[in-house]
Amino acid sequence: MLVSRFMQQRLGTSSAIRQAFEKAEALKKAHGADNVFDFSIGNPSAPCPAGVRAALEDTARKTAPELHGYMDSSGYADVRSTIAASLARRFDTAYTASDIVMTIGAASAINALMQTVLDPEDEVVVLLPCYPAYRVFVENWGARLVEVPFDEETMLPDLAAFERALTPRTKLVIVNTPNNPSGVVYPAAAADGIAGALFRAQRAFGHPILLLSDEPYRDLVYDGAQNPWWPAVYRNTAVVYSFSKSASIAGERIGYVALTPGMAERGPLLAGIRRSLGDIGFVNAPATAQRMAAACADETVDIAYYDRNRRMLASALANAGFDVVPGNGAFYLLMAAPDGDEQLLLDRLAAKRIVAVGGSDFGAPGYVRLSYCLPPEAVSRALPLFAQVAKEYHLSALAVPEPAQPAPFTVLFAS
């Protein structure tokens, strides 16, 4: 066969998120888009910030050939300078253009980092629940995924289990907050606990461990929550960012890697990421999308747009009797299957033309993930249908959980 054994194995599995999205598209064709409620995929619907349109109009007015030509594999120097200056202002970290590499969204950044640091059989630690593609990315480079369980009371990582998961073969740890799929923002105690365990592991094993902070939802936080700024608590951090969610330009595929000044092996890491972008075939991030990113360095979508959806959906589900994790970031919430059977819940929702994603792929079996980045009017029209499903389970009303008050972060560990 022409298709490799590895790809044959991959074709035997499929992305639950993409499957659900395709199911929603099929239902829309059969019943009309207005009669289907697609809570499956994180496809932003909030209007783009003004900077997106301004960047497109400015590019369209210019005709110079270099506007669309190749550039340094790290991306345009002025774009990287703009992003570095924004990060320095916001997070008091002395970034410069040389610390930034522009990438085709977050996924290419993560793969470029992995190709740069991973040898076969190295271990990559992820904290459940987590984005399912992490497993595929790790398998791309022949490494081994190590999963850390979460506390179902808080949806936060089990810190004792995390420390036990670190071994001499640990090369990379991935954190994702605000979290996909739970929407939970890690509090100060969790960030400090993770950083402390990494600091002790580096000292015990005698080699640096890279922390990869995957931050596509960094700017989508609610209830006064404070998202960790990982370079402040752990120096050996690579921040991966995507403008997909914060600027509602998911299809433009633009993001970046920011390496912390003073981190271990910064120079070789930068060289490796740049080389990897070429090796994988990305070459460089799209020119026009880079200009859009620079225009949105200090802009985000209207956070109230998603917060309104979050409050409306979480309140209605809890009032209907569902057990929900409303979260305080991103645009996802987890809803527990009343009898623990997530597939039955997915089927009952689908019968009402509500499409969601099962929690098992995220390492959260017994839950379904709802992505509430739909237009608010669509969320509102779906609520009576959720109530009908609740009646099928004979549920009684529950109170909406109150979000915990955010605690301040402490800078404990420099490396």
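In the predicted model, Asp72 is partly exposed, at 37% relative accessibility. The side chain of Asp72 meets that of Arg274 in a salt bridge, with an N to O distance of 2.8 Å. Asp72 belongs to the loop between α3 and α4 and Arg274 to helix α11, so this pair ties together parts that are 202 residues apart in sequence. Arg274 likewise counts as partly exposed, with a relative accessibility of 31%. The structure contains 20 salt bridges by the rule applied.

A further salt bridge is formed by the side chains of Arg310 and Asp223, at 2.9 Å from N to O. Here too distant parts of the chain are linked: Arg310 is in helix α13 (residues 303-320), Asp223 is in the loop between β8 and α9, and the two are 87 residues apart. Arg310 is buried, its relative accessible area being 4%, whereas Asp223 is partly exposed at 27% relative accessibility. Arg310 also forms a salt bridge with Asp307, in which the closest N and O atoms are 2.9 Å apart. Because Asp307 and Arg310 are three residues apart in helix α13, about one helical turn separates them. Both Asp307 and Arg310 are buried. Through shared partners, salt bridges join Asp223, Asp307, Arg310 and Arg311 into one network.

Helix α11 (residues 266-280), which holds Arg274, also includes Ser276. With a relative accessibility of 1%, Ser276 falls under the 20% limit and therefore counts as buried. Apart from neighbours within four places in sequence, the contacts of Ser276 are Asn111, Ala112, Gln115 and Thr116.

In helix α12 (residues 287-295), the buried residues are Ala287, Ala289, Gln290, Arg291, Met292 and Ala293. The cover over these buried residues of α12 includes α3 (50-61), α4, β2 and α10 (243-246).

Twelve aromatic pairs are present in the structure. One of them joins Tyr95 and Trp229 in an edge-to-face arrangement, with 6.3 Å from centre to centre and 80° between the planes. Tyr95 is placed in the loop between α4 (77-91) and β2 (100-103), and Trp229 in the loop between β8 (210-214) and α9 (230-233), so the pair ties together parts that are 134 residues apart in sequence. Tyr95 is buried, at 6% relative accessibility, and Trp229 is buried as well, with a relative accessible area of 9%. Elsewhere, ring pairs link Tyr217, Tyr305, Tyr306, Phe331 and Tyr332 into a cluster. An aromatic ring also takes part in an arrangement with a charged group: the charged end of Arg348 sits over the ring of Tyr393, at 4.4 Å from its centre.

At the surface, a nonpolar patch is formed by Met1, Leu2, Val3, Phe6, Met7 and Leu11, which together have about 720 Å² of accessible area. Met1 is located in the segment before α1 (5-11). The relative accessible area of Met1 is 83%, which means that Met1 is exposed.

How values were computed: Residues are numbered from 1 along each chain as its sequence is written. This is a predicted model: local features need pLDDT of at least 70, side-chain atom pairs count only at pLDDT 80 or more; totals for chains, interfaces and linings use all residues. Side-chain values use heavy atoms; hydrogens and water are left out. Patches are made of residues with over 30% relative accessible area and no salt bridge: like charges are joined within 9 Å, nonpolar side chains (Val, Leu, Ile, Met, Phe, Trp, Tyr) within 5 Å. Accessible areas come from the Shrake-Rupley method with a 1.4 Å probe; for residues, only the protein chains shown count as cover. A salt bridge is a side-chain nitrogen of Lys or Arg within 4 Å of a carboxyl oxygen of Asp or Glu. Helices (H or I, at least four residues) and strands (E, at least two) are DSSP runs, numbered from the N terminus. Buried means under 20% relative accessible area, exposed over 50%, partly exposed in between (1.4 Å probe, protein chains only). Contact means heavy atoms within 4.5 Å. Rings of Phe, Tyr and Trp (its six-membered ring) pair if their centres lie within 6.5 Å; planes under 30 degrees apart count as stacked, over 60 as edge-to-face and the rest as tilted. A charge sits over a ring if NZ of Lys or CZ of Arg is within 6 Å of the ring centre and within 35 degrees of the ring normal.
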